[in-house]
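Here is a set of questions and answers to read beside the sequence and the model.

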Amino acid sequence: MKVLFCASEALPFAATGGLADVAGSLPQALRTRLIGCRVVMPLYESVPQELREKMKFLTSISVPVAWRRQYCGIFEAKVGNVIYYLIDNQYYFKRQGLYGHFDDAERFAFFSRAVLEMLPYIEFKPDIIHANDWQTALVPIYYRLFYANNDWYSGIKTLFTIHNIQYQGQYGFEILEDVFGIPKSEGSLLEYNKCVNLMKGAIESANWVSTVSPTYAKEILDPWFAHKLDPILRERAWKLSGILNGIDTVGYDPATDPNLYEHYDAENMAGKAVNKAKLQERLYLEADPDAPLIGMVTRLVSHKGLDLVKGGVDNIMTYTNAQFAVLGSGDWEYEQFFKEMQAKYPGRFVLCLGFVPELARKIYAGSDIFLMPSKSEPCGLSQMVALRYGSIPVVRETGGLKDSITDSGDGKGNGFTFQSYDTQDMLNSVHRAIYAYNESKDGWKILIKRAMECDNSWGRSANEYIRLYKQLINS
């Protein structure tokens with residue numbers, strides 16, 4: 001079985017979010033299961049020089065972009081057992097930042113067309129082309145319109161994965177022909193709510209649509225979550241499924257992580273207490289081993305549930321002995337609030353603005369409780385990382401949080417959960433977690449061990465993708 005994984009970002013070459021983790025880890029897990037998975041992505045300006053030096057130039061081709069043709073260089077690199085193809089065009093990709101440019105529509109139209117055009121030149125005909133998010137939504141669309149009836153390309157199946165339905169690739173009709181090169185006669189394929197919607201076109205065109213957790217696959221049929229795409233998804237629900245993402249359990253391993261103050265594992269947790277003490281010292285928190293330390297590593301934006309946190313922090317700080325360590329940046333409103341909390345509760349509440357990867361690891365390792373009260377969370381990786389490091393998640397039951405965290409009230413779960421998007425519901429779960437921590441150190445250790453032994457590896461996810469790929473090939 002041969003799979004081409006198309007992504008706008010992938011580790012270790014370029015990353016802005018969770019998609020890069022997926023594109024860097026899932027193909028590796030597929031390769032270990034003898035699936036011929038290769039990855040294609042743009043060659044951005046930000047790709048590090050040391051990685052560029054290991055690339056091999058294969059060839060250059062000319063790619064149609066509507067009425068014009070553009071240069072396309074094809075470079076090859078190998079990471080682990082996976083071959084990566086990096087698409088070069090300095091006009092489109094020699095820029096600061098991956099996204100947010102005035103011509104993103106044209107940039108990713110070029111990339112999507114290049115993905116299909118390059119295949120005969122690299123002598124790789126995949127059984128499955130696996131496209132991801134709006135930046136590669138044109139791949140299944142172009143395949144359906146321009147390649148499916150070509151003898152060389154015939155028989156390829158397409159899978160489109162939605163990582164976050166909020167970002168759909170919406171543009172005015174004026175660029176349909178001039179930028180995308182799609183005739184007006186085919187415009188209905190992409191037309192939605194009086195504009196061109198690339199994600200809608202991919203949902204229509206792909207043989208199958210997946211998303212990053214089973215619960216999110218159900219949620220996006222509901223207007224509350226779907227950002228107006230729910231009617232299309234309900235019509236195509238027969239070809240929609242959800243597969244929960246995994247995490248890199250080698251990179252995220254408290255037994256070997258070089259960012260930690262001391263290593264530990266599920267069998268010997270002594271090092272976790274050392275990490276907590278050192279973290280308290282670094283962040284100027286009170287040196288209190290008995291105070292439950294609540295960690296948050298998050299973007300400071302509303303859909304992460306920060307309105308609930310704003311409504312509940314004073315209660316937690318007043319009625320419990322908890323401490324807070326928050327790492328992130330985002331909207332001014334939340335940054336200011338957390339600064340105020342830091343001033344109001346010195347020694348117990350600290351905000352670290354920005355994103356510092358090594359500090360994030362130290363918060364996972366040094367915290368006792370990890371708070372994720374998200375309004376929506378397609379999959380979420382932080383709760384799985386928290387489990388891996390023995391920080392017990394308190395989460396709202398949405399998306400991948402619901403699929404990966406179960407309430408420990410029955411003595412079998414791995415965290416504490418709440419259902420409604422409501423401050424009091426969140427507080428009830430936080431208080432339950434703090435009570436469990438304070439009342440029974442032995443019981444808490446059992447819960448930590450159960451959390452650390454959860455299997456959130458990419459191997460589990462890869463097996464489910466393989467079953468889906470086989471289903472597509474045989475359909």
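Q: In which loop is P12 found?
A: This is a predicted model. The peptide bond from L11 to P12 is cis, with omega near 10°. Most peptide bonds are trans. P12 is found in the loop between β1 and α1.

Q: What is the angle between the ring planes of Y364 and Y389?
A: Y364 sits in helix α14 (residues 357-366), while Y389 sits in the loop between α15 (382-388) and β17 (392-396). They are 25 residues apart. Y364 is buried, and Y389 is too. Their aromatic pair is tilted, with 6.1 Å centre to centre and a plane angle of 35°.

Q: Is D253 buried or exposed?
A: D253 lies in the loop between β12 (240-242) and α11. Not counting residues up to four places away in sequence, D253 touches R388 and Y389. Its relative accessible area is 18%, and the cut-off for burial is under 20%, so D253 is buried.

Q: Which residues form one aromatic cluster?
A: The structure holds 22 aromatic pairs. A pair of aromatic rings is described by the distance of the centres and the angle of the planes. One aromatic cluster is formed by Y44, Y91, Y92, F93 and F110.

Q: Over which ring does the charged end of K362 sit?
A: Two charge-over-ring contacts can be described here. The charged end of R113 sits over the ring of Y142, 5.2 Å from the ring centre. For K362, the charged end is 5.2 Å from the centre of the ring it sits over, that of Y261.

Q: How many of the ten residues of helix α5 are buried?
A: The buried residues of α5 are L138, V139, P140, I141, Y142, Y143 and Y147. Their cover includes α4 (104-122), β6 (128-132), β7 (157-162) and α7 (198-205). Helix α5 (residues 138-147) is largely enclosed by the rest of the structure, because the number of its ten residues that are buried is seven.

Q: What is the relative accessible area of D133?
A: D133 lies in the loop between β6 and α5. D133 has a positive phi of about 60° although it is not a glycine. Most residues other than glycine have a negative phi. D133 is buried, with a relative accessible area of 11%.

Q: What is the relative accessibility of H227?
A: H227 is placed in the loop between α9 (223-226) and α10 (230-235). H227 is not a glycine, yet its phi is positive, about 50°. H227 counts as partly exposed, because its relative accessibility is 40%.

Q: Which element gives the most to the lining of the second largest pocket?
A: This pocket holds about 360 Å³ of space. Of the 16 lining residues, the closest to its centre are A273, K276, P289, D368 and Y437. The elements giving two or more residues to the lining are α11 (270-282) and α18 (441-452). With five residues, the element that gives the most is α11.

Q: How many residues of the lining of the second largest pocket are charged?
A: The lining residues divide by class. Eight are nonpolar and one is polar. The number of charged residues is seven.

Q: How far apart in space are the C-alpha atoms of P292 and S367?
A: P292 is in the loop between α11 and β13 (293-297). P292 counts as buried, because its relative accessibility is 0%. Leaving aside neighbours within four places in sequence, its contacts include K276, D368 and Y437. P292 and S367 are 75 residues apart in sequence, and their C-alpha separation is 7.6 Å.

Methods: Residues numbered from 1 in each chain as written. Predicted model: local features only at pLDDT ≥ 70, side-chain atom pairs only at ≥ 80, totals over all residues. Heavy atoms only, no water. 1 Å grid on protein atoms, 1.4 Å probe; cavity = no way out; pocket = protein on both sides within 12 Å on 5 of 7 lines; lining within 4 Å. Points joined across faces, edges and corners; volume = space filled by probe spheres on them. Helix = DSSP H or I, 4+ residues; strand = E, 2+ residues; numbered from the N terminus. Nonpolar A, V, L, I, M, F, W, Y, C, P; charged D, E, K, R; others polar. Buried < 20%, exposed > 50% of the residue type's maximum accessible area, 1.4 Å probe, protein only. Contact = heavy atoms within 4.5 Å. Phe/Tyr/Trp six-rings, centres within 6.5 Å; stacked < 30°, edge-to-face > 60°. Lys NZ or Arg CZ within 6 Å of the ring centre and 35° of its normal.
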